[in-house]
Each structure stands twice: as C-alpha cells, then as structure tokens.
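User: I would like to go through the labels used for this structure and see what stands behind them.

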Amino acid sequence: MLITGVCDQSFGIHVAELAHFPEKVLKMAKRKADELEDFSGKDAMQETSMAPQADVEEGSKLLKEILREWRDSVKARGVEDDKDEMIGTFKGLIEKNKQALEGNMWIQQVMAL
C-alpha cells in the first residue's frame with residue numbers, strides 16, 4: 001500500500017543491494033547511514049572525504065538521477081519482476097553515464113572502497 005507523504009526511512013541501500021552494488025559500497029553506505037542517524041554524519045563525511053564538497057553534491061545528485069531513471073524505465077517497461085532485465089537496464093545506465101561517473105572524484109572514492 002502506498003501512502004502520500006514524508007517517509008522517515010530510506011530504502012536506497014536496499015535498492016543498491018537489489019542492483020548488486022559491490023559489497024564494499026554497501027558496507028560504506030550502511031556506515032554512512034549510521035553516522036547520519038546521529039545527525040553528525042554530514043560533518044563527519046566532509047572531514048573524511050578528500051573530494052571537494054561540490055563533487056560530493058554533484059555525485060550524489062548524479063546517482064539519484066541514475067536510480068530514478070532506472071526505476072522509471074523498469075516500471076514503464078513492466079519488468080519489475082525480471083531480475084535480468086532490471087540488472088541489464090541498470091548496467092546500461094551506468095554505461096550511458098560512464099564519463100560523468102568517472103569524472104567525479106567522490107564517486108571514484110566510493111567505488112574504490
């Protein structure tokens with residue numbers, strides 16, 4: 001059941017697991033989520049990241065756009081139950097955005113974990 005309104009939970013990590021993100025990325029995301037729960041995560045993230053804040057913001061925006069496009073594409077084609085189609089669609093979006101992903105220092109740091 002879907003309800004319009006604000007959600008106090010994020011399912012981004014669960015989506016990343018479904019998309020078969022590397023285990024290292026999932027662990028880092030879970031660690032960062034824990035940091036954010038105590039509301040000090042933003043400062044801690046800025047202190048531990050060597051990437052400029054602009055790259056962090058741009059990279060985060062890019063990843064959100066890719067995930068939204070992936071969700072919309074899968075839904076529009078009605079392949080939500082086809083794991084192989086979903087993975088293929090996601091890989092296609094990564095390839096489509098490869099240059100932008102590779103050009104972002106923050107994303108590169110995340111991928112290197």
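The questions below take the labels one at a time.

Analyst: This is a predicted model, in which local features need pLDDT of at least 70, side-chain atom pairs count only at pLDDT 80 or more, and totals for chains, interfaces and linings use all residues. Residues are numbered from 1 along each chain as its sequence is written, and side-chain values use heavy atoms, with hydrogens and water left out.

User: How many helices and strands are there in the protein?

Analyst: There are seven helices and zero strands. Helices are DSSP runs of H or I with at least four residues, strands are runs of E with at least two, and both are numbered from the N terminus.

User: What makes Lys30 partly exposed?

Analyst: Buried means under 20% relative accessible area, exposed over 50%, and partly exposed in between (1.4 Å probe, protein chains only). Lys30 has 36% relative accessibility, so Lys30 counts as partly exposed. Glu17, with 32%, is also partly exposed.

User: Which side chains meet in a salt bridge at 2.7 Å, N to O?

Analyst: Those of Lys96 and Glu69. This pair links distant parts of the chain, with Lys96 in helix 5 and Glu69 in helix 4 (residues 53-77), 27 residues apart. Lys96 has 55% relative accessibility and therefore counts as exposed, whereas Glu69, at 33%, is partly exposed.

User: How many salt bridges does the structure hold?

Analyst: Four. Among them is the one between Arg71 and Asp72, at 3.1 Å, N to O.

User: What makes up the negative surface patch?

Analyst: Glu80, Asp81, Asp82 and Asp84 form the patch. Patch residues have over 30% relative accessible area and no salt bridge, and like charges are joined within 9 Å. The place of a charge is CG for Asp and CD for Glu.

User: How do you know whether Asp84 is buried or exposed?

Analyst: Asp84 has 62% relative accessibility, so Asp84 counts as exposed. Asp84 lies in helix 5 (residues 83-96).

Methods
Patch = residues over 30% accessible without salt bridge, like charges linked within 9 Å, V, L, I, M, F, W, Y side chains within 5 Å. Areas by Shrake-Rupley, 256 points an atom, 1.4 Å probe, with all protein chains shown as cover. Lys, Arg positive; Asp, Glu negative; His and termini not counted.
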